[in-house]
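Colleague: I have not worked with this structure before. Please take me through it by question and answer.

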Amino acid sequence: MTFGSGAMTNSIAEIEHAQVVLVSGSNTTETHPQIARRIYDAVDNGAKLIVIDPRRTQIARHAHLHLQIRPGTDIPLLNAMMRSILDENLVDDLFIEMRTENYFAMRDKLYQVDISQAATICGVDADSIRLAARMYARAQRSVICYCLGVTQHVCGTDNVRSYANLAMLTGHVEQEFTGVDPLRGQNNVQGACDMGALPAVLPGYMPVADETARTKFQRAWGGKLPEKPGMTVLEMTHPADGKVKAMYIMGENPAVSDPDLSRVRHSLDHLEFLAVADIFLTDTARLADVVFPAVTFAEKTGTITSSERRVQLLHKAIEPVASAWPDDRIIMELSRRLGYPMDYESPAEIMEEICMLTPIYGGMYHDRLDAEWGVQWPCAGREHGSTQFLHKFSFARGRGWFEPAEHQAPVESADADFPYILVTGRVYHHFHTGTMTRRSQLHNREYSQSLIEIHPEDAEKLSVAEGEHVRLTSRRGDCAFIVTITDRVSPGHVFANFHFTEAPVNFLTVKQSDPVAKCPEYKVCAVRIEKVAA
Amino acid sequence: MRDVMTICCYCGCGCGLYLRVVNGRVVGSAPSRNHPVSKNNLCVKGWHAHEHIHSPQRLTSPLVRKDGRLVPASWDEALDRTATALKRIKDRYGPDAIGLLASAKCTNEENYLLQKFARAVIGTNNIDHCARL
């Protein structure tokens, strides 16, 4: 929103040529292994690696500098880094002059920042902050990779803006090998957003509230399109007044993945009607009135868009297992029954329509994607090439906008009743709610139990040993885990994953979310821990 | 035996991989040597990306709830029941009483169709997916 589009500005292969890589809130080695591989290649080529993370993850252990901040203190850290960049005169004046706006407001804000005060809030020392700032700003080619550790906070949008501010202040965007790269967690998060599977935008990020955009789609689809932005997933699964009466859920598992699960399951259970299409009988499907068996990626054709905006073709390897259908066929049949025939002979034909209506996908015809290794958007038409990196010469929104940000404390902090801070995330062997990886023999062998990471000092205080069971309780619910003792977490913090249906950590998490992006605050939740018998 | 080039079903890196097919079953997965992201390399999830495909726990038939229990049904029955329920709820409470979740695990084409279904057929912008989770 500072640059005008939400996607990696670089390509994955560019990372290995960076001189400084700043990784924030990303357990890259475990969750984006191919990106971590490029980061390690860069380090082998002499690049410096800075990691900002409350946990000492594997990539943090390899870092030249690890800023082990308290969860939710990215903004004071970045403001302090930027203040230090100002003080040491490492600002890219020409870039700011030519390519950005609102710099003076930003500078005024930074002049109020006290680096040592920020260091206290973040729990790191001021010299490390200055060192990080110097390393990042001095290099010609610095790249920032961030993930959900940055966005899953009540101040997630401001966190992201702050990283963008840092990049603009030092001119580290618009070129090859330097930029701001959000890493996308699932194979087609990028594409689902691009396709307008969002409440406020049509395909290609055209706002539903914009009449010109609506008119364009009305002409193609017929009828009159609704203009009021819709509800986000959390507004649907935590409805204030039971406004949602029916849901259709395609391949998602909110009964495990969403925060404050007791409320989610209650509202899904109380719908008048729920239909779920999935490959397994997930916890969400168990609550449904109708369940459709869908196919896996091996049984269908279509495209998915990776983190680096690369639109690639899936090839059908086998016929659908049992009587499963691809989701597009299910939607077409439902649509026909509701009096709106959708007649597409193949996914390639659906893509033709997408190409015509979505400028950034203008040239993504299936035959063309097959002739190369996919195509990176924006790609305006058949003659338009793939776009390796974004914002060359100008940002999607014109000039880059500096938006000063203030520290905002997390919703919950540790207190006498709930003395520990729980951070949630993912592990190498499992994926999201575990519906696929938990059914794989190898992954279950390698990581078969829902572990909670506890620091040795805390383990001693709680008198728990490796492999013993504990119960975590938050203001919303409780959940049992098996202890693993490690210094990956700092004292006072514990880490759990949400892959295990038998240990649904989201019964504990808070549903408060960022007011703009609506990311729930998964990274900070106050809990108490008790030892229990196995 | 044949190898079919496709893209990994897990994270957002977008690795190109080959699914190894024997007698209509996917039995293995291997990296593409030339794909610009995977470059002859996969992580443990990519190497085992095929293992859930033939899981005995796959759903084999549509299910509909009867007397409180989910029981197998025909495609026609499941689709009819869904269409009727959506129509009834839309008529009674208006289109905004219906919410739809698309998927970061489905294709662009499927996501496009579901949001078109939400907006043009149901008449609501209540469409989202788990990008934030």
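Predicted model: local features only at pLDDT ≥ 70, side-chain atom pairs only at ≥ 80, totals over all residues.

Colleague: What is the radius of gyration of chain A, and what does the globule rule give for 534 residues?
Modeller: The C-alpha atoms of chain A fill a box of roughly 65 × 65 × 45 Å along the principal axes. Chain A is as compact as a globular protein of its length, because its radius of gyration is close to what the globule rule gives for 534 residues. The radius of gyration is 24 Å, and the rule gives 24 Å.

Colleague: What percentage of the residues in chain A are buried?
Modeller: A residue counts as buried if 20 or more other C-beta atoms lie within 10 Å of its own. Of the 534 residues in chain A, the buried ones make up 59%.

Colleague: Among contacts in chain A with a separation of 6 or more, what share is between residues 24 or more positions apart?
Modeller: Contacts in chain A with a separation of 6 or more are the basis here. Residues 24 or more positions apart account for 69% of them.

Colleague: Which elements give two or more residues to the side of domain 1 of chain A that touches domain 3 of chain A?
Modeller: The assignment for chain A gives domain 1 (12–183), domain 2 (189–376) and domain 3 (420–532). The C-alpha centres of domains 1 and 3 of chain A lie 27 Å apart, and 18 residues of domain 1 are in contact with 23 residues of domain 3. On the domain 1 side, the elements that give two or more residues are helix 1 (28–31), helix 9 (148–151) and helix 10 (156–169) of chain A.

Colleague: How many nonpolar, polar and charged residues does that side of domain 1 of chain A have?
Modeller: The side in question is the one that touches domain 3 of chain A. By class, its residues are four nonpolar, 11 polar and three charged.

Colleague: Which element gives the largest share of the largest nonpolar core?
Modeller: The largest nonpolar core has 202 residues. Among those with the most contacts inside it are Val21(A), Leu422(A) and Leu114(B). The largest share, eight residues, comes from helix 3 (residues 108–122) of chain B.

Colleague: Is strand 2 of chain A largely enclosed or exposed?
Modeller: On one side of strand 2 of chain A, Lys48(A), Ile50(A) and Ile52(A) are buried, and on the other Leu49(A) and Val51(A) are buried. Five of the five residues of this strand (residues 48–52) are buried, so strand 2 of chain A is largely enclosed.

Colleague: Which residue of strand 3 of chain A is the bridge partner of Ile50(A)?
Modeller: Strand 2 of chain A runs parallel to strand 1 (residues 20–24) of chain A, joined by five bridges. With strand 3 (residues 65–67) of chain A, strand 2 pairs in the parallel sense over three bridges. In strand 3 of chain A, the partner of Ile50(A) is Leu65(A).

Colleague: Is Gly46(A) buried or exposed?
Modeller: Gly46(A) lies in the loop between helix 2 (33–44) and strand 2 of chain A. Gly46(A) has 7 C-beta neighbours inside 10 Å, so Gly46(A) counts as exposed.

Key. Residues numbered from 1 in each chain as written. Chains lettered and ligands numbered in written order. Domains from an automatic or database assignment. Contact = placed C-beta atoms within 7 Å. Helix = DSSP H or I, 4+ residues; strand = E, 2+ residues; numbered from the N terminus. Nonpolar A, V, L, I, M, F, W, Y, C, P; charged D, E, K, R; others polar. Rg over C-alpha atoms; globule rule 2.2 N^0.38 Å. Buried ≥ 20, exposed ≤ 12 C-beta atoms within 10 Å, placed from the backbone. Core = buried A, V, L, I, M, F, W, Y, C linked by C-beta atoms within 7 Å. Pairing = 2+ DSSP bridges.
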